Amino acid sequence: MMVTDFFENNRKPLFLAPMAELTHYPFRKLLEEIGGVDVFYTEMLSSEQIVFQGVEKSIFLKGIECERGNPLVFQLLGNDVEVLKKASKILISIGADGIDLNLGCSAPFVYKSGKGSGLLNDRENLKRILCGLRDTIKDVPFSVKMRIGISPDRDEFLDLIGDIVKCGVDYVVLHPRLVNEKFRRKARWEYIEFIKKEYNVIVVGNGDITDWKMGVNKLNNKYVDGIMIGREALSNPWIFREIIFGKNLEKNYRDFLLEFIEYVRKYLPEEIQLKRVKLFVKWFTKEILFGHYLWKEINKCDNLMGVEKIILDFFKS
Ligand SMILES: Cc1cc2nc3c(=O)[nH]c(=O)nc-3n(C[C@H](O)[C@H](O)[C@H](O)COP(=O)(O)O)c2cc1C
């Protein structure tokens, strides 16, 4: 798979954002069935776990063997170049269509361990990792997903991007918020323009797309080569198709949820099934009328059959 396979279509590609404990195989499979996503991302995967525990044991890679469809990029978390290189090779050997390095996660335990956005604090190690991965990842696209950095200073930001571009990444996914902003303030999409005016690199924009109109608007921005959607895909998995068709679509929340549970049962290990369902339902019910009530009822339940009954009762009324 080449980077051109992602970007040289007759329209700019739509990416599903990586989201920990949420963009697992059951969710991706349902999105694939709805259609509209051009490139999928896994949730972030610990490079150490992949190398030292093996992929067979990873609960995060369940279902990979069944995965067939639009390209799937595996996102790696780590800060040791040799471990990251080994992990990439393993993931490519099991069918990764792309490898992404997480430079954006700002969760305190990740940041403090020098991973995710913590990697931005050690520029020499960052360059070693990026160039090392570039040498290793030959046959599939190699990308980074990042925030702006620690400071909003444009020159500092462009200096950082310069180093990343020099190491030869195929594209950059930018969620243009500062590392410590979490989801505060609005995403600063103008930073994508800053990159494109300075460097010849493909940039995917991400952050705060909450409906199809906004998606279309971002795609029409000449500096943006593609868009990535995270949170809105959880409460409206139809958004990708809505963007393509340029209109609101009919949504069957009940059937989506029931099918979601069916796939979770089929593809995820039993010990995490209920937890994953509850986490997803919390996001999924945000745009449903009285969805908060549905979420509260499901959250109290301790088995999947009970959850299914709650769903059936809720949508009957
Ligand atoms: C619950 C949750 C989990 C996330 N996990 C990851 C992750 O594993 N890797 C990553 O790069 N970003 C992760 N993110 C960030 C998203 O990929 C995305 O950059 C961010 O949510 C902004 O996009 P949005 O406004 O479309 O949601 C996560 C975000 C959320 C809300």
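## Helices, domains and ligand shell

In this predicted model, helix α12 has the buried residues Y253, L257, F260, I261 and V264. These residues cover an arc of only 95° around the axis, which puts them on the same side of α12. An α-helix has 3.6 residues a turn, so residues three or four places apart point the same way. The partners of the buried residues of α12 are α2 (25-34), α13 (270-284) and α15 (304-316), against which they pack. Helix α12 runs over residues 253-267, and its end C-alpha atoms are 21 Å apart, in agreement with the 21 Å that its 15 residues should span at 1.5 Å a residue.

Y263 also belongs to α12. With 18 other C-beta atoms within 10 Å, Y263 is partly exposed, since a residue counts as buried if 20 or more lie within that distance. Leaving aside neighbours within four places in sequence, the contacts of Y263 are P26, K29 and L30. The C-alpha atoms of Y263 and F27 are separated by 8.1 Å, although the two residues are 236 residues apart along the chain.

Helix α4 (residues 81-93) can be described in the like manner. Its buried residues are L84, A87, S88 and L91. Seen down the axis of α4, they fall within an arc of 105°, so they line one face of the helix. They pack against α3 (47-53), β3 (72-77), β4 (98-103) and α6 (123-136). The face of α4 turned away from this buried side carries the exposed residues E82 and S93. From first C-alpha to last, the 13 residues of α4 reach 18 Å, close to the 18 Å expected at 1.5 Å a residue.

| α4 | 81-93, 13 residues | 18 Å | 105° |

The domain assignment divides the chain into domain 1 (3-245) and domain 2 (253-316). Their C-alpha centres lie 28 Å apart. Domain 1 gives 16 residues to the contact, and domain 2 gives 16 residues. On the side of domain 1 that touches domain 2, the elements giving two or more residues are α2 and α10. Helix α2 provides the largest share of that side, five residues. By class, the side of domain 1 that touches domain 2 holds eight nonpolar, four polar and four charged residues.

Which residues are closest to the ligand? They are A17, M19, M44, G230 and R231, in a shell of 21 residues. The elements that give two or more residues to this shell are β2 (40-46) and α10 (231-235). The shell comprises nine nonpolar, seven polar and five charged residues.

Backbone angles come last. Most residues other than glycine have a negative phi. D208, which is not a glycine, has a positive phi near 70°. D208 lies in the loop between β7 (202-206) and α9 (212-219), and is partly exposed, with 19 other C-beta atoms within 10 Å. F290 likewise is not a glycine and has a positive phi, of about 60°. The loop between α13 and α14 (291-300) holds F290, which counts as exposed with 10 C-beta neighbours inside 10 Å. Just after α4, G95 takes a positive phi of about 110°.

Notes. Residues are numbered from 1 along each chain as its sequence is written. This is a predicted model: local features need pLDDT of at least 70, side-chain atom pairs count only at pLDDT 80 or more; totals for chains, interfaces and linings use all residues. A residue is near a molecule or strand if its C-beta atom, placed from the backbone, lies within 6 Å of it. Helices (H or I, at least four residues) and strands (E, at least two) are DSSP runs, numbered from the N terminus. Ala, Val, Leu, Ile, Met, Phe, Trp, Tyr, Cys and Pro count as nonpolar, Asp, Glu, Lys and Arg as charged, and the others, Gly among them, as polar. The expected span of a helix is 1.5 Å times one less than its number of residues. A residue is buried if 20 or more other C-beta atoms lie within 10 Å of its own, exposed if 12 or fewer, and partly exposed in between; C-beta atoms are placed from the backbone. The arc is that of the directions from the helix axis to the C-beta atoms. Two residues are in contact if their C-beta atoms, placed from the backbone, lie within 7 Å. Domain bounds come from an automatic or database domain assignment.
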